[in-house]
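Trainee: I'd like to learn how to read a protein structure piece by piece. Can we go through one together?

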Amino acid sequence: FPILLHFILHGRDPKFISPPSVLLLGPSGAGKTALLTLFERNNSTISSEKLTTAPTHTSQAPGTVSLTIPSDPSDNHPPKKFLLIDTPGHAKLRSHALSLLSPTASPESARSKLTSVVFLVDAAALADGDALPSTAAYLYDTLLALQKRMGAGRGSKAPSSIPVLVAANKLDLFTALPAALVKSNLEAELGRIRKTRSKGLLDSGVGADDLAAGEEGDDWLGEYGSEKFSFKQMLEFDIEVDVIGGSTTGDGPGAEKWWKWIAERI
Ligand code: GDP
């Protein structure tokens with residue numbers, strides 16, 4: 001009875017439900033901290049009596065900020081809170097970030113639902129080619145983790161799909177690649193990585209038809225056996241990938257499109 005009473009009293013109390021979360025990934029130097037700072041600053045300027053001011057830095061985890069999407073008079077929705085979870089970009093610390101994508105993991109709290117992933121890349125660093133292999137390798141691992149997550153739900157309840165925003169940052173710099181080129185360069189490199197990592201499988205002459213469903217090709221990203229990789233192939237696993245340019249500092253296009261993308265998926 002006390003448990004029931006507790007549920008009746010608190011079960012639907014918003015205080016007891018963690019807001020949904022968005023995971024921020026990307027290599028060191030891409031601008032994750034700068035983006036967090038920008039979103040926090042823009043958020044704190046939102047003035048509305050209806051908005052219960054959220055403490056910006058929550059006690060949850062370092063690098064996690066609580067943000068609010070203001071109410072929208074046009075579609076009548078109330079203010080919506082979400083957590084933006086920053087992760088270390090350093091290669092040695094990435095496995096923890098990726099473990100948050102496993103079907104059983106729930107970031108921050110058992111009740112917080114991961115609604116999307118923002119993968120931030122440095123479009124200026126990608127222009128000279130040096131950063132491309134390491135950035136794409138991290139993105140490959142991210143997309144593969146999400147693909148496996150969807151596969152793990154086969155037979156049982158399907159996991160909710162998690163869309164990915166590849167945010168091409170630093171477009172204020174004239175040396176930066178435009179978003180369309182960031183997209184095509186990443187797709188080409190992801191295809192190369194896929195080929196290299198699956199060399200054993202392909203050389204053995206095993207074709208897609210010889211494989212039992214869900215058995216092999218598990219480390220193959222996207223459409224099995226396809227020559228070229230494209231982000232569209234992730235739709236086969238119900239994973240939407242968008243590449244959108246922006247900037248967090250300087251005199252550039254800003255981060256509004258990213259904010260909108262995130263807000264639409266909360
Ligand atoms: P993190 O390692 O991903 O957290 O990256 P930081 O947020 O520390 O940013 C790395 C560097 O890139 C810093 O010197 C930032 O000032 C710079 N930076 C971040 N975003 C932008 C941007 O949009 N344009 C430019 N020009 N520099 C940026």
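Mentor: V22 has L84 in β3 as its bridge partner. V22 belongs to β1, where it sits on one face together with L24. Strands, like helices, are DSSP runs numbered from the N terminus (helices are H or I, at least four residues; strands are E, at least two).

Trainee: Before we go on, what kind of model is this?

Mentor: This is a predicted model: local features need pLDDT of at least 70, side-chain atom pairs count only at pLDDT 80 or more, and totals for chains, interfaces and linings use all residues. Residues are numbered from 1 along each chain as its sequence is written.

Trainee: How many helices and strands does the protein chain have, and in what order do they come?

Mentor: The protein chain has eight helices and six strands. From the N terminus they run α-β-α-β-β-α-β-α-α-β-α-α-β-α.

Trainee: How do strands get together in a sheet?

Mentor: In general, strands of a sheet pair through backbone hydrogen bonds, either parallel or antiparallel. Here, two strands pair if DSSP finds at least two bridges between them. The six strands form an open sheet in the order β2-β3-β1-β4-β5-β6, with mixed pairing. β2 (64-69) and β6 (241-245) are at the edges with a single partner strand each, so one side of each has no neighbour in the sheet. Neighbouring strands are turned by 25° against each other on average, direction ignored. For such angles, axes are lines fitted to C-alpha atoms, for helices over the stretch in contact, and angles run from 0 to 180 degrees between N-to-C directions.

Trainee: Which strands pair in the antiparallel sense?

Mentor: β2 and β3 (residues 80-86) do, over six bridges.

Trainee: What does "buried" mean here, and how does β1 score?

Mentor: A residue is buried if 20 or more other C-beta atoms lie within 10 Å of its own, exposed if 12 or fewer, and partly exposed in between, with C-beta atoms placed from the backbone. In β1, five of the five residues are buried, so β1 is largely enclosed by the rest of the structure.

Trainee: Why look at the two faces separately?

Mentor: Because in a regular strand the side chains alternate between the two faces of the sheet. In β1, S21, L23 and L25 are buried on one side, and V22 and L24 on the other. β5 has both faces covered too: V164, V166 and A168 on one side, L165, A167 and N169 on the other.

Trainee: Which residues does V166 touch?

Mentor: Contact means that two C-beta atoms, placed from the backbone, lie within 7 Å. V166 touches F119, V121, L186, V241, D242 and V243, leaving out residues up to four places away in sequence.

Trainee: Which residues have the most contacts inside the largest nonpolar core?

Mentor: A nonpolar core is a set of buried Ala, Val, Leu, Ile, Met, Phe, Trp, Tyr and Cys residues joined through C-beta atoms within 7 Å. The largest one has 58 residues, and L84, V118, F119 and V166 have the most contacts inside it. Helix α5 (residues 132-152) gives the largest share, eight residues.

Trainee: Is D141, in that helix, buried or partly exposed?

Mentor: D141 counts as partly exposed because it has 18 C-beta neighbours inside 10 Å. Compare G191 in helix α6 (residues 179-197): G191 is buried, with 20 other C-beta atoms within 10 Å.

Trainee: Last one: which residues come nearest to the ligand?

Mentor: A residue is near a molecule if its C-beta atom, placed from the backbone, lies within 6 Å of it. Of the 18 residues around the ligand, G31, K32, T33, A34 and S247 come nearest. Helix α2 (residues 32-44) provides the largest share of that shell, three residues.
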